[in-house]
Amino acid sequence: MTEIVIEIKNEQGLHARPAGQIVNIAKKYDLVLEIEKIGEIEIVDGKNVFGIMSLGAGKGDKLKFRAISKNEENLEKEKQLLEELRKMIEVDKFFEEWFL
């Protein structure tokens, strides 16, 4: 299991399109992805758009992403998934600035 905390940087927060982008990336990997909003109890499936949207994460909120492989046999893939998500969320801001 590998974890990372990622801050939401885009102005609109986690609405349907960014949630879909997270799901699309997560589904490329044969891993479990859990997402938890820091300070909240709920943990959602990172491969479920509605679950991700239910977190209600806005700009500045921090989310804990947890990648889990069977028997922790694929730590490198876990790190790869989390880094891909981190880049899209914190650096590329879900590519939303491109639409402005």
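This is a predicted model: local features need pLDDT of at least 70, side-chain atom pairs count only at pLDDT 80 or more; totals for chains, interfaces and linings use all residues.

Me: In what order do the four strands sit in the open sheet?

Reply: Helices (H or I, at least four residues) and strands (E, at least two) are DSSP runs, numbered from the N terminus. Two strands pair if DSSP finds at least two bridges between them. The pairing here is antiparallel, and the order is β1-β4-β2-β3.

Me: Which are the edge strands?

Reply: An edge strand in this sheet pairs on one side only.

Me: How many bridges join β2 and β3?

Reply: β2 and β3 form a hairpin with five residues between them, and G39 in the turn has a positive phi of about 95°. Across the pair, I35 stands opposite V44, and E34 stands opposite D45. β2 (residues 32-37) and β3 pair in the antiparallel sense, and the number of bridges is three.

Me: Which residue in β4 stands opposite I35?

Reply: β2 and β4 run antiparallel and are joined by six bridges. For I35, the residue opposite in β4 is F65.

Me: And which residue in β4 stands opposite T2?

Reply: β1 and β4 also run antiparallel, with six bridges joining them. T2 stands opposite A67.

Me: Which strands does α3 touch where it packs on the sheet?

Reply: Contact means heavy atoms within 4.5 Å. Axes are lines fitted to C-alpha atoms, for helices over the stretch in contact, and angles run from 0 to 180 degrees between N-to-C directions. The direction of α3 (residues 75-91) makes about 0° with that of β1. The strands touched by α3 are β1, β2 and β4 (62-68).

Me: How are α1 and α3 arranged, roughly parallel or roughly antiparallel?

Reply: Their axes come within 10 Å and cross at roughly 155°, and Q21, I22, I25 and A26 in α1 meet L81, E84, L85, M88 and I89 in α3. Angles under 35 degrees count as roughly parallel, over 145 as roughly antiparallel, 65 to 115 as roughly perpendicular and the rest as oblique. α1 and α3 are therefore roughly antiparallel.

Me: Why is α1 described as largely enclosed by the rest of the structure?

Reply: Buried means under 20% relative accessible area, exposed over 50%, and partly exposed in between (1.4 Å probe, protein chains only). The buried residues of α1 are P18, A19, G20, Q21, I22, V23, I25 and A26, and what covers them includes β2, α2 (49-53), β4 and α3. α1 is called largely enclosed because its buried residues number eight of 11.

Me: Which residues have the most contacts inside the largest nonpolar core?

Reply: A nonpolar core is a set of buried Ala, Val, Leu, Ile, Met, Phe, Trp, Tyr and Cys residues joined through side-chain atoms within 4.5 Å. The largest one has 25 residues, and the elements giving two or more residues to this core are α1 (16-26), β2, β4 and α3. Leaving aside neighbours within four places in sequence, the contacts of I22 include L33, I35, F65, L85 and I89. The residues with the most contacts inside the core are I22, L33, I35, F65, L85 and I89.

Me: Is K28 buried or exposed?

Reply: K28 lies in the loop between α1 and β2. The C-alpha atoms of K28 and L81, 53 residues apart along the chain, are separated by 8.7 Å. With a relative accessible area of 56%, K28 is exposed.

Me: What about F94, buried or exposed?

Reply: F94 is in the segment after α3, and has a positive phi of about 60° although it is not a glycine. The relative accessibility of F94 is 0%, so this residue counts as buried.

Note on methods: Residues are numbered from 1 along each chain as its sequence is written. Side-chain values use heavy atoms; hydrogens and water are left out.
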